[in-house]
Amino acid sequence: MPRSPGRSSPAFNPHRRSVLRAVGAMGLSGLALAGCATRSPGRDEGEQTAPGDLSASQTGQSLSNAAPRRDGPVPALRPGGRVAIVAPASAADGAAFEAADWLQARGFEAQIMPAALTRSDAPFEYLAGDDAARLNDLHAAFADPAIGAVWCLQGGFGSWRIADKLDFGLLRKHPKPFIGYSDITALHLAIQKQAGFVTFHGPMLAQDLLAGKAEPTASHVLAMVGGQIGQGAWIDAPPESNPVVLAPGVATGRLVGGNLALIAATIGSRHEIATRDAILFIEDVNEALPRIDRLLSQLRAAGKFDRIKGVLVGNFTRLGLPGGDAAGQFQLFPLLQEQFQARGIPVLAAWPSGHGDPNLTLPLGALVTLDTQRRGLRLEQPVAV
(Lines give C-alpha, C1' and ligand atoms only; values in the text may rest on other atoms or scores of the structure.)
Protein backbone atom coordinates (compact mmCIF):
# COMPACT_ATOMS: atom_id res chain seq x y z
CA MET A 1 0.00 0.00 0.00
CA PRO A 2 1.24 3.53 -0.70
CA ARG A 3 2.20 5.74 2.17
CA SER A 4 2.23 9.48 2.51
CA PRO A 5 5.56 11.32 2.26
CA GLY A 6 4.85 12.53 5.79
CA ARG A 7 8.00 13.76 7.46
CA SER A 8 9.78 14.58 4.23
CA SER A 9 6.98 16.88 3.03
CA PRO A 10 7.23 20.64 3.49
CA ALA A 11 5.12 22.28 6.15
CA PHE A 12 1.52 22.86 5.17
CA ASN A 13 0.17 26.36 4.71
CA PRO A 14 -3.37 27.50 3.76
CA HIS A 15 -2.51 27.60 0.07
CA ARG A 16 -1.28 24.02 0.17
CA ARG A 17 -4.36 22.83 2.07
CA SER A 18 -6.54 24.16 -0.74
CA VAL A 19 -4.48 22.24 -3.27
CA LEU A 20 -4.79 19.07 -1.20
CA ARG A 21 -8.60 19.37 -1.02
CA ALA A 22 -8.69 19.42 -4.80
CA VAL A 23 -6.57 16.27 -4.81
CA GLY A 24 -9.21 14.37 -2.89
CA ALA A 25 -11.90 15.23 -5.41
CA MET A 26 -9.75 14.11 -8.28
CA GLY A 27 -8.91 10.90 -6.47
CA LEU A 28 -12.60 9.96 -6.44
CA SER A 29 -12.93 10.62 -10.16
CA GLY A 30 -9.83 8.51 -10.75
CA LEU A 31 -11.33 5.58 -8.83
CA ALA A 32 -14.43 5.77 -11.00
CA LEU A 33 -12.21 5.12 -14.02
CA ALA A 34 -10.35 2.18 -12.52
CA GLY A 35 -10.41 -1.00 -14.53
CA CYS A 36 -11.66 0.65 -17.72
CA ALA A 37 -8.48 0.15 -19.75
CA THR A 38 -8.94 -1.64 -23.04
CA ARG A 39 -6.42 -3.71 -24.93
CA SER A 40 -5.74 -3.26 -28.62
CA PRO A 41 -3.25 -5.28 -30.61
CA GLY A 42 0.14 -3.95 -31.62
CA ARG A 43 0.97 -3.25 -35.25
CA ASP A 44 3.87 -4.33 -37.35
CA GLU A 45 6.77 -1.92 -37.64
CA GLY A 46 5.91 -0.82 -41.17
CA GLU A 47 2.28 0.00 -40.51
CA GLN A 48 1.42 3.69 -40.25
CA THR A 49 -2.31 3.31 -39.64
CA ALA A 50 -4.02 5.11 -36.80
CA PRO A 51 -5.61 3.06 -34.03
CA GLY A 52 -8.99 3.96 -35.51
CA ASP A 53 -8.12 2.18 -38.75
CA LEU A 54 -8.39 -1.17 -36.97
CA SER A 55 -11.75 -2.91 -36.92
CA ALA A 56 -14.01 -2.71 -33.90
CA SER A 57 -13.59 -6.44 -33.34
CA GLN A 58 -9.79 -6.02 -33.25
CA THR A 59 -9.77 -3.17 -30.78
CA GLY A 60 -12.71 -4.17 -28.60
CA GLN A 61 -13.94 -0.57 -28.93
CA SER A 62 -16.50 1.10 -31.16
CA LEU A 63 -15.16 2.96 -34.16
CA SER A 64 -16.62 6.16 -32.68
CA ASN A 65 -13.56 6.20 -30.40
CA ALA A 66 -11.18 6.27 -33.36
CA ALA A 67 -8.68 9.09 -33.85
CA PRO A 68 -9.44 11.13 -36.99
CA ARG A 69 -5.73 11.18 -37.91
CA ARG A 70 -2.40 10.07 -36.57
CA ASP A 71 -0.15 12.27 -34.44
CA GLY A 72 -2.40 15.30 -34.56
CA PRO A 73 -1.89 18.48 -32.54
CA VAL A 74 -3.35 18.85 -29.07
CA PRO A 75 -5.34 21.74 -27.61
CA ALA A 76 -2.88 24.36 -26.41
CA LEU A 77 -2.52 25.10 -22.70
CA ARG A 78 -4.15 28.49 -22.29
CA PRO A 79 -2.94 31.26 -19.95
CA GLY A 80 -4.38 30.60 -16.52
CA GLY A 81 -5.21 27.01 -17.46
CA ARG A 82 -5.23 24.11 -15.03
CA VAL A 83 -2.27 21.71 -15.01
CA ALA A 84 -2.46 18.24 -13.50
CA ILE A 85 0.71 17.25 -11.65
CA VAL A 86 1.15 13.49 -12.06
CA ALA A 87 3.75 10.95 -10.95
CA PRO A 88 3.42 7.93 -13.28
CA ALA A 89 6.82 6.58 -12.26
CA SER A 90 8.90 7.26 -9.14
CA ALA A 91 8.03 9.29 -6.08
CA ALA A 92 9.39 12.78 -5.44
CA ASP A 93 8.78 13.29 -1.73
CA GLY A 94 7.49 16.76 -0.94
CA ALA A 95 8.03 18.12 -4.45
CA ALA A 96 4.39 18.26 -5.58
CA PHE A 97 3.55 21.35 -3.53
CA GLU A 98 6.69 23.13 -4.71
CA ALA A 99 5.74 22.25 -8.28
CA ALA A 100 2.27 23.70 -7.68
CA ASP A 101 3.90 26.90 -6.45
CA TRP A 102 6.09 27.01 -9.57
CA LEU A 103 3.07 26.70 -11.86
CA GLN A 104 0.98 29.20 -9.93
CA ALA A 105 3.83 31.73 -10.01
CA ARG A 106 3.53 31.56 -13.81
CA GLY A 107 -0.21 32.14 -13.80
CA PHE A 108 -1.47 28.55 -14.02
CA GLU A 109 -3.79 26.66 -11.71
CA ALA A 110 -2.14 23.56 -10.25
CA GLN A 111 -3.98 20.29 -9.63
CA ILE A 112 -1.93 17.75 -7.67
CA MET A 113 -3.04 14.20 -8.41
CA PRO A 114 -3.09 11.78 -5.43
CA ALA A 115 -0.18 9.49 -6.30
CA ALA A 116 2.12 12.50 -6.61
CA LEU A 117 1.87 12.77 -2.81
CA THR A 118 2.64 9.14 -1.97
CA ARG A 119 5.35 6.52 -2.07
CA SER A 120 4.80 2.76 -2.10
CA ASP A 121 6.09 0.52 0.67
CA ALA A 122 9.03 -1.84 0.23
CA PRO A 123 9.94 -3.55 -2.00
CA PHE A 124 8.20 -1.08 -4.34
CA GLU A 125 9.34 2.11 -2.65
CA TYR A 126 10.71 3.36 -5.98
CA LEU A 127 7.10 3.86 -7.13
CA ALA A 128 4.85 6.83 -6.44
CA GLY A 129 1.89 4.79 -5.26
CA ASP A 130 0.77 1.43 -6.60
CA ASP A 131 0.06 0.82 -10.27
CA ALA A 132 -3.70 1.33 -9.92
CA ALA A 133 -3.26 4.70 -8.21
CA ARG A 134 -0.80 6.01 -10.80
CA LEU A 135 -2.98 4.75 -13.64
CA ASN A 136 -6.12 6.29 -12.12
CA ASP A 137 -4.36 9.65 -11.88
CA LEU A 138 -3.57 9.63 -15.60
CA HIS A 139 -7.10 8.61 -16.55
CA ALA A 140 -8.67 11.24 -14.28
CA ALA A 141 -6.35 13.98 -15.55
CA PHE A 142 -7.12 13.26 -19.19
CA ALA A 143 -10.84 12.82 -18.60
CA ASP A 144 -11.35 16.09 -16.70
CA PRO A 145 -12.26 18.82 -19.24
CA ALA A 146 -11.08 21.49 -16.78
CA ILE A 147 -7.48 20.24 -16.99
CA GLY A 148 -5.48 21.74 -19.84
CA ALA A 149 -2.21 19.78 -19.55
CA VAL A 150 -0.80 16.70 -17.81
CA TRP A 151 2.72 17.34 -16.50
CA CYS A 152 4.96 14.69 -14.98
CA LEU A 153 6.64 15.44 -11.68
CA GLN A 154 9.49 12.92 -11.88
CA GLY A 155 10.93 10.09 -13.95
CA GLY A 156 12.76 7.17 -12.38
CA PHE A 157 11.03 3.81 -12.73
CA GLY A 158 7.50 2.50 -13.18
CA SER A 159 5.90 3.98 -16.31
CA TRP A 160 6.37 0.76 -18.24
CA ARG A 161 4.30 -1.06 -15.59
CA ILE A 162 1.15 0.91 -16.50
CA ALA A 163 1.64 1.61 -20.22
CA ASP A 164 -0.21 -1.56 -21.23
CA LYS A 165 -3.15 -0.70 -18.96
CA LEU A 166 -3.91 2.76 -20.34
CA ASP A 167 -7.40 3.37 -21.71
CA PHE A 168 -6.40 4.64 -25.13
CA GLY A 169 -10.03 5.20 -26.12
CA LEU A 170 -10.32 7.66 -23.24
CA LEU A 171 -7.09 9.39 -24.23
CA ARG A 172 -8.15 9.68 -27.87
CA LYS A 173 -11.34 11.43 -26.76
CA HIS A 174 -9.45 13.90 -24.56
CA PRO A 175 -6.08 14.77 -26.14
CA LYS A 176 -4.06 17.37 -24.25
CA PRO A 177 -0.38 18.25 -23.70
CA PHE A 178 1.44 15.43 -21.90
CA ILE A 179 4.92 16.44 -20.75
CA GLY A 180 7.86 14.41 -19.42
CA TYR A 181 10.90 12.38 -20.45
CA SER A 182 13.30 9.66 -19.27
CA ASP A 183 11.19 6.78 -17.86
CA ILE A 184 8.12 8.60 -19.21
CA THR A 185 9.30 7.50 -22.68
CA ALA A 186 7.26 4.30 -22.18
CA LEU A 187 4.08 6.40 -22.02
CA HIS A 188 5.08 8.60 -24.96
CA LEU A 189 5.58 5.54 -27.15
CA ALA A 190 2.31 3.96 -26.05
CA ILE A 191 0.26 7.12 -26.52
CA GLN A 192 1.65 7.85 -29.98
CA LYS A 193 1.18 4.32 -31.22
CA GLN A 194 -2.25 3.69 -29.70
CA ALA A 195 -3.86 7.13 -29.24
CA GLY A 196 -2.35 9.12 -32.08
CA PHE A 197 -1.60 12.60 -30.78
CA VAL A 198 1.57 14.60 -30.27
CA THR A 199 3.21 14.41 -26.83
CA PHE A 200 6.06 16.49 -25.46
CA HIS A 201 9.50 15.20 -24.50
CA GLY A 202 10.17 18.03 -22.10
CA PRO A 203 11.33 19.06 -18.63
CA MET A 204 9.67 17.56 -15.58
CA LEU A 205 8.52 19.71 -12.73
CA ALA A 206 10.66 18.32 -9.92
CA GLN A 207 13.53 16.86 -11.89
CA ASP A 208 14.21 19.93 -14.04
CA LEU A 209 12.19 23.04 -13.31
CA LEU A 210 12.45 23.01 -9.53
CA ALA A 211 16.12 22.10 -9.96
CA GLY A 212 16.61 25.37 -11.85
CA LYS A 213 17.78 24.09 -15.23
CA ALA A 214 19.05 26.85 -17.48
CA GLU A 215 16.97 28.78 -19.95
CA PRO A 216 15.43 28.24 -22.38
CA THR A 217 14.30 25.07 -20.56
CA ALA A 218 11.23 26.63 -18.92
CA SER A 219 10.32 29.27 -21.50
CA HIS A 220 10.60 26.81 -24.39
CA VAL A 221 8.28 24.18 -22.92
CA LEU A 222 5.68 26.80 -21.99
CA ALA A 223 5.82 28.30 -25.50
CA MET A 224 5.60 24.87 -27.12
CA VAL A 225 2.59 23.55 -25.19
CA GLY A 226 0.98 27.00 -25.27
CA GLY A 227 0.84 26.96 -29.06
CA GLN A 228 3.31 29.81 -29.53
CA ILE A 229 5.68 27.65 -31.60
CA GLY A 230 3.73 26.68 -34.68
CA GLN A 231 4.07 25.16 -38.12
CA GLY A 232 7.15 26.44 -39.93
CA ALA A 233 8.94 27.48 -36.73
CA TRP A 234 12.50 26.36 -36.01
CA ILE A 235 13.66 24.67 -32.83
CA ASP A 236 17.23 25.88 -32.46
CA ALA A 237 19.76 24.93 -29.82
CA PRO A 238 21.22 27.75 -27.72
CA PRO A 239 24.61 28.81 -29.15
CA GLU A 240 26.51 27.51 -26.12
CA SER A 241 25.08 24.03 -26.68
CA ASN A 242 27.05 23.60 -29.92
CA PRO A 243 25.45 20.50 -31.51
CA VAL A 244 27.86 18.34 -33.52
CA VAL A 245 27.20 17.20 -37.10
CA LEU A 246 28.19 13.52 -37.39
CA ALA A 247 26.68 13.15 -40.87
CA PRO A 248 25.39 16.13 -42.89
CA GLY A 249 22.06 16.39 -44.61
CA VAL A 250 18.39 17.35 -44.51
CA ALA A 251 15.53 14.92 -43.83
CA THR A 252 11.83 15.11 -43.04
CA GLY A 253 9.87 12.59 -40.99
CA ARG A 254 7.88 12.01 -37.84
CA LEU A 255 9.95 12.65 -34.72
CA VAL A 256 9.98 9.52 -32.56
CA GLY A 257 12.01 8.22 -29.65
CA GLY A 258 13.14 9.32 -26.22
CA ASN A 259 15.20 7.45 -23.66
CA LEU A 260 17.34 4.79 -25.35
CA ALA A 261 16.95 2.15 -22.64
CA LEU A 262 13.16 2.54 -22.60
CA ILE A 263 12.97 2.39 -26.39
CA ALA A 264 14.88 -0.90 -26.29
CA ALA A 265 12.58 -2.20 -23.55
CA THR A 266 9.55 -1.88 -25.85
CA ILE A 267 10.96 -4.25 -28.48
CA GLY A 268 8.58 -7.18 -28.85
CA SER A 269 5.67 -5.38 -27.18
CA ARG A 270 2.61 -3.83 -28.78
CA HIS A 271 4.12 -0.42 -27.99
CA GLU A 272 7.33 -1.18 -29.90
CA ILE A 273 8.67 1.98 -31.49
CA ALA A 274 7.80 2.50 -35.17
CA THR A 275 10.79 4.08 -36.94
CA ARG A 276 9.99 3.69 -40.62
CA ASP A 277 10.48 7.04 -42.42
CA ALA A 278 11.02 8.73 -39.05
CA ILE A 279 13.55 11.05 -37.44
CA LEU A 280 14.82 9.05 -34.46
CA PHE A 281 15.67 10.91 -31.25
CA ILE A 282 17.67 9.18 -28.48
CA GLU A 283 19.12 10.22 -25.11
CA ASP A 284 20.05 8.53 -21.83
CA VAL A 285 21.67 8.80 -18.41
CA ASN A 286 23.75 6.48 -16.23
CA GLU A 287 24.55 4.13 -19.10
CA ALA A 288 28.20 3.23 -19.70
CA LEU A 289 29.51 3.09 -23.27
CA PRO A 290 29.41 -0.73 -23.48
CA ARG A 291 25.75 -0.71 -22.46
CA ILE A 292 24.93 2.03 -24.97
CA ASP A 293 26.69 -0.07 -27.60
CA ARG A 294 24.52 -3.04 -26.65
CA LEU A 295 21.30 -1.01 -26.72
CA LEU A 296 22.08 0.43 -30.15
CA SER A 297 22.99 -3.03 -31.43
CA GLN A 298 19.69 -4.39 -30.12
CA LEU A 299 17.72 -1.76 -32.03
CA ARG A 300 19.78 -2.38 -35.16
CA ALA A 301 19.15 -6.14 -34.92
CA ALA A 302 15.41 -5.44 -34.53
CA GLY A 303 15.46 -3.52 -37.81
CA LYS A 304 14.77 -0.17 -36.19
CA PHE A 305 17.49 1.65 -38.17
CA ASP A 306 16.67 0.18 -41.58
CA ARG A 307 14.20 2.79 -42.80
CA ILE A 308 14.90 5.86 -40.66
CA LYS A 309 15.35 9.25 -42.33
CA GLY A 310 17.66 10.87 -39.78
CA VAL A 311 18.93 10.78 -36.19
CA LEU A 312 18.92 13.43 -33.47
CA VAL A 313 21.14 12.49 -30.53
CA GLY A 314 20.36 14.25 -27.27
CA ASN A 315 22.22 14.39 -24.00
CA PHE A 316 24.01 11.27 -22.78
CA THR A 317 25.05 12.09 -19.23
CA ARG A 318 26.80 10.34 -16.33
CA LEU A 319 28.69 8.03 -18.64
CA GLY A 320 31.22 7.32 -15.92
CA LEU A 321 34.17 8.45 -18.05
CA PRO A 322 37.12 10.71 -17.16
CA GLY A 323 36.50 14.33 -18.02
CA GLY A 324 32.79 14.35 -17.23
CA ASP A 325 29.83 14.56 -19.56
CA ALA A 326 31.43 16.80 -22.19
CA ALA A 327 34.33 14.43 -22.76
CA GLY A 328 32.01 11.44 -22.60
CA GLN A 329 29.85 12.78 -25.42
CA PHE A 330 32.87 12.80 -27.75
CA GLN A 331 33.72 9.22 -26.81
CA LEU A 332 30.16 8.29 -27.72
CA PHE A 333 30.46 9.63 -31.26
CA PRO A 334 32.40 6.66 -32.74
CA LEU A 335 29.61 4.31 -31.61
CA LEU A 336 27.04 6.50 -33.31
CA GLN A 337 29.06 6.82 -36.50
CA GLU A 338 29.50 3.06 -36.67
CA GLN A 339 25.73 2.59 -36.46
CA PHE A 340 24.54 5.36 -38.77
CA GLN A 341 27.21 6.83 -41.04
CA ALA A 342 26.98 4.20 -43.78
CA ARG A 343 23.21 4.68 -44.00
CA GLY A 344 23.54 8.04 -45.76
CA ILE A 345 21.23 9.88 -43.36
CA PRO A 346 21.79 13.12 -41.42
CA VAL A 347 22.95 12.68 -37.82
CA LEU A 348 23.09 15.61 -35.38
CA ALA A 349 24.56 14.88 -31.93
CA ALA A 350 25.05 16.67 -28.61
CA TRP A 351 21.55 18.14 -28.94
CA PRO A 352 20.37 19.78 -25.66
CA SER A 353 17.33 17.63 -24.88
CA GLY A 354 17.17 15.03 -22.14
CA HIS A 355 19.06 14.73 -18.90
CA GLY A 356 21.48 17.59 -19.53
CA ASP A 357 21.14 21.32 -19.00
CA PRO A 358 19.33 23.00 -20.72
CA ASN A 359 16.57 20.57 -21.70
CA LEU A 360 14.71 21.68 -24.83
CA THR A 361 11.22 20.37 -25.48
CA LEU A 362 10.60 18.14 -28.51
CA PRO A 363 7.14 17.34 -29.99
CA LEU A 364 7.15 13.56 -30.33
CA GLY A 365 4.99 12.23 -33.13
CA ALA A 366 5.09 15.51 -35.05
CA LEU A 367 6.34 15.89 -38.61
CA VAL A 368 9.68 17.74 -38.54
CA THR A 369 12.63 18.50 -40.79
CA LEU A 370 16.14 17.89 -39.44
CA ASP A 371 18.70 20.23 -41.04
CA THR A 372 22.28 19.68 -39.91
CA GLN A 373 23.56 22.86 -41.60
CA ARG A 374 21.04 24.89 -39.60
CA ARG A 375 21.66 22.58 -36.61
CA GLY A 376 17.98 22.59 -35.84
CA LEU A 377 14.50 21.20 -36.41
CA ARG A 378 11.66 22.84 -38.33
CA LEU A 379 8.07 22.02 -37.41
CA GLU A 380 6.13 20.90 -40.47
CA GLN A 381 2.80 20.82 -38.64
CA PRO A 382 1.10 22.52 -35.70
CA VAL A 383 1.65 20.70 -32.41
CA ALA A 384 -0.58 22.67 -30.00
CA VAL A 385 -3.46 24.80 -31.26
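Buried residues are those under 20% relative accessible area, exposed ones are over 50%, and partly exposed ones lie in between (1.4 Å probe, protein chains only). By that criterion Asp131, Arg134, Leu135, Asn136, Asp137, Leu138, His139, Ala140, Ala141 and Phe142 of H4 are buried. This is a predicted model, in which local features need pLDDT of at least 70, side-chain atom pairs count only at pLDDT 80 or more, and totals for chains, interfaces and linings use all residues. Residues are numbered from 1 along each chain as its sequence is written, and side-chain values use heavy atoms, with hydrogens and water left out.

**Confidence**
- The protein chain has an average pLDDT (the predictor's confidence in each residue, from 0 to 100) of 85, and 82% of the residues score at least 70.
- Residues 1-18 stay under 50 in pLDDT, with 33 contacts (heavy atoms within 4.5 Å) beyond four places in sequence.
- Over residues 20-69 the pLDDT is likewise below 50, and the model gives this stretch 82 contacts beyond near neighbours in sequence.

**Helix H4**
- Of the 13 residues in H4, 10 are buried, so that the helix is mostly covered.

How values were computed. Helix = DSSP H or I, 4+ residues; strand = E, 2+ residues; numbered from the N terminus.
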